[in-house]
Every structure is written in C-alpha cells, then in structure tokens.
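Dear colleague,

Please find below the structure that I am handing over to you, together with its sequence. My findings follow directly after it.

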Amino acid sequence: MKHKIGIVLSGGGARGIAHLGILKALEEFGIKPSVISGTSAGAIAGAFYAIGFSTQEIINIIRKGHFFNFSNILIEKQGLFSMQGFEKIYSQYFPTNSFSDLNIPLYVAATDILNCETVYFSSGNLAQSLMASSCIPLLFQPINFNGTMFVDGGILNNFPVEPLLNQCEILIGIHVNSIKKDASEIHMNDILDRSFHLALSSSVRDKIDKCDLFIEPENMSQFGILDLKKTNEIFDYGYNYGLSIENKLKELAI
C-alpha cells in the first residue's frame, strides 16, 4: 500500500533549519508526511521529526546542542574534526539508536566514497547512518561503517527523491539551497559553497518534475552552511515561505 504523503528534504548545512519552518507551516495546513527521505541536514531534521519531536522542540535541541564540537579537533589527513559531538547528541535523543523506533519511516542518503555510490539507509544503526549522511568532506573525518567509508550524502545526491518514487500518493520536495543569481560580490568563504551548489543544481532540476510540489525558498545562499547563530532567522524564513504557498498546497487537494 502506498504512503499518503512523502517528503524529500535536501541537504544544506544550517540552511536545513528552514526545513523545520516549512514543516511547521505544512502542519498548520493539515499536511504531515507518512514517509521521509533526506540527506545530510535534511536527514538529521527528518530523523528528529520522524521520532516525534515538534519543530519547536527540534529548534531547542539545536540551540542547546553542540553539533559542531570544535573541542574535538583532530589534525588528520582525512578531516579536521571528529563527529563525536553529533554522536553524543544522537545517543541522548535516540536512546535505542534504531530506525525501528521512528514513528515515520525514514530513508537516509550517504555517499560511499570508496565505491563511489549513494547508499540509502532505512534500518539498523540510526546514529551511524546520520553521521555518514552529514560528514562534510575535509571538515570531518569520513565515517567508517558497514565495511566502507562514507561522506556527506549531498556529494552525489543532495535531493534523494529516489527511495520514495512510486511509494507515495503525493510527493513533496523541499530544497533549501537556492542561489541568489544577481549577487554583486562574493566573499572568499562563500566561493566553495556557491560552487558546490551550482555543480549540484542541474541534478536537482532534473528531479523537480518527479514531485507533485517542489518547495524552494528564494535566496537561501544568504545563510552560510555553518551559520547556526542564525537558527531562529533561518527557521522563520522557512516558516514564512511555507505560509506563502498556501494556494499551491490547496491545489494538491490533500
């Protein structure tokens, strides 16, 4: 039997907080997913949402958590930081560390860097799957898991619609990496981020038609991928954009 509503959540670092704002707006219109697919930040947001935390509770966890624990610096060839901070948070909020404890089925996309392919996790070790999906290359050490090594799922698939194809009556995609096209100047620390998402944009565009509704707040590049200090601002930006598409949501006839 098909799921009623499937939602795809893109990666995007701190921009993924906008997913939570949009999910809150969707809830207010009576729309809640029955299955989720996400990569990187989208996978993290999806996991907390799928286990039953409200969007506000997830925001509170982000505010008080230490997702980027810079006290765990590792000067190594494969990455500058460990993901120990993430693991501690996941062990606190997902005590049995299993996909089976989620109230909403979840698919997590990660990049197998040794075999050069996307892997989708939907069972087993939840914390390792989330860390594999969000392991930003060079910033974090790759995750050794299931006999191979993983880095950020967004490298090969930043909009993992594939696991939900033909599984849902209605498929909604949320992409939080829109780029401002008329920028007058670009700072050095924005060039890598902007180049990365430009490279990914064509593959994302190819998947838009697979969604019954594609949600993409404008000018998300105004927020940096590590800009957790703007948590409230990013959440509100996503929430207000979600409210603004009420007419499109009505067209879904949910």
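To begin with the cysteines, this predicted model contains zero disulfides. A disulfide is a covalent bond between the sulfur atoms of two cysteines. The criterion applied is a pair of cysteine sulfur atoms within 2.5 Å. For Cys168, the closest cysteine sulfur belongs to Cys211 and lies 10.0 Å away, so the two are too far apart for a bond. Cys168 is buried, with a relative accessible area of 11%, and Cys135 is likewise buried, at 0%.

Turning to the overall fold, the protein chain has eight helices and 10 strands. Of its 254 residues, 52% are buried. Among contacts between residues at least 6 apart in sequence, 73% join residues at least 24 apart. The accessible surface comes to about 12,000 Å², and carbon and sulfur atoms account for 51% of that area.

Finally, leaving aside residues up to four places away in sequence, Ile172 touches Ile5, Gly6, Ile7, Val8, Ile31, Leu213, Ile215 and Leu252.

With kind regards

Definitions and conventions:
Residues numbered from 1 in each chain as written. Predicted model: local features only at pLDDT ≥ 70, side-chain atom pairs only at ≥ 80, totals over all residues. Heavy atoms only, no water. Helix = DSSP H or I, 4+ residues; strand = E, 2+ residues; numbered from the N terminus. Buried < 20%, exposed > 50% of the residue type's maximum accessible area, 1.4 Å probe, protein only. Contact = heavy atoms within 4.5 Å. Areas by Shrake-Rupley, 256 points an atom, 1.4 Å probe, with all protein chains shown as cover.
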